[in-house]
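Hi everyone, thanks for coming.

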Amino acid sequence: MKPLDIVQKYLASFYGEAPLEEMRPLLANDLSFKGPFNEFDSANAYFAALASDPPPHATYRIIEVFQKNNSVCLIYQFSKPGVETAMVQIFEIRRDKISRIRLIFNPTVFD
């Protein structure tokens, strides 16, 4: 599967277009996730956090997509009731699994 296809499947699960459970097979066991609010060093920890507190009523609109080798960078507009902000996510794909996710946004919009 191409890196962008993997990332698109991830987004579909994250934002509820597909069941959340479909995301887990896309994640490398040693997934590294870093964002403004959380950091995880395994797919199990990341997935457990998502499963226990999924993003309620959130949507996204892709602004731009960049791909270089096994990296995909998404720039998108995130929206949920009372919050709208631009976000950037960088994904690294290794052996058809997401091995690293870096999430960047202004966390003050969530105050």
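**Sheet, core and rings**

Let's start with β4 and β5: they run antiparallel and are joined by 10 bridges. Before I go on, this is a predicted model, where local features need pLDDT of at least 70 and side-chain atom pairs count only at pLDDT 80 or more, while totals for chains, interfaces and linings use all residues. Residues are numbered from 1 along each chain as its sequence is written, and side-chain values use heavy atoms, with hydrogens and water left out.

Strands here are DSSP E runs of at least two residues, helices are H or I runs of at least four, and both are numbered from the N terminus. Two strands pair if DSSP finds at least two bridges between them.

Zooming out, the 6 strands make an open sheet with mixed pairing, in the order β2-β1-β6-β5-β4-β3. β2 (39-40) and β3 (59-68) are at the edges with a single partner strand each, so one side of each has no neighbour in the sheet.

Now the helices. α1 packs on the sheet and touches β1, β3, β4, β5 and β6, with its direction at about 135° to that of β5. α2 lies across β1, β2 and β6, at about 65° to β1. Those angles, from 0 to 180 degrees, are between N-to-C directions of lines fitted to C-alpha atoms, for helices over the stretch in contact.

What about the core? A nonpolar core means buried Ala, Val, Leu, Ile, Met, Phe, Trp, Tyr and Cys residues joined through side-chain atoms within 4.5 Å. Buried is under 20% relative accessible area, exposed is over 50%, and partly exposed is in between (1.4 Å probe, protein chains only). The largest one has 30 residues, and Tyr-10 is among those with the most contacts inside it. α1 gives the most to this core, 5 residues. Beyond four places in sequence, Tyr-10 is in contact (heavy atoms within 4.5 Å) with residues including Met-23, Tyr-46 and Phe-91.

Last, the rings. Phe, Tyr and Trp rings (six-membered ring for Trp) pair if their centres lie within 6.5 Å; planes under 30 degrees apart are stacked, over 60 edge-to-face, the rest tilted. That rule gives 14 aromatic pairs. Tyr-15 and Tyr-76 sit 6.3 Å apart, centre to centre, with planes at 85°, so that pair is edge-to-face. Both Tyr-15 and Tyr-76 are buried.
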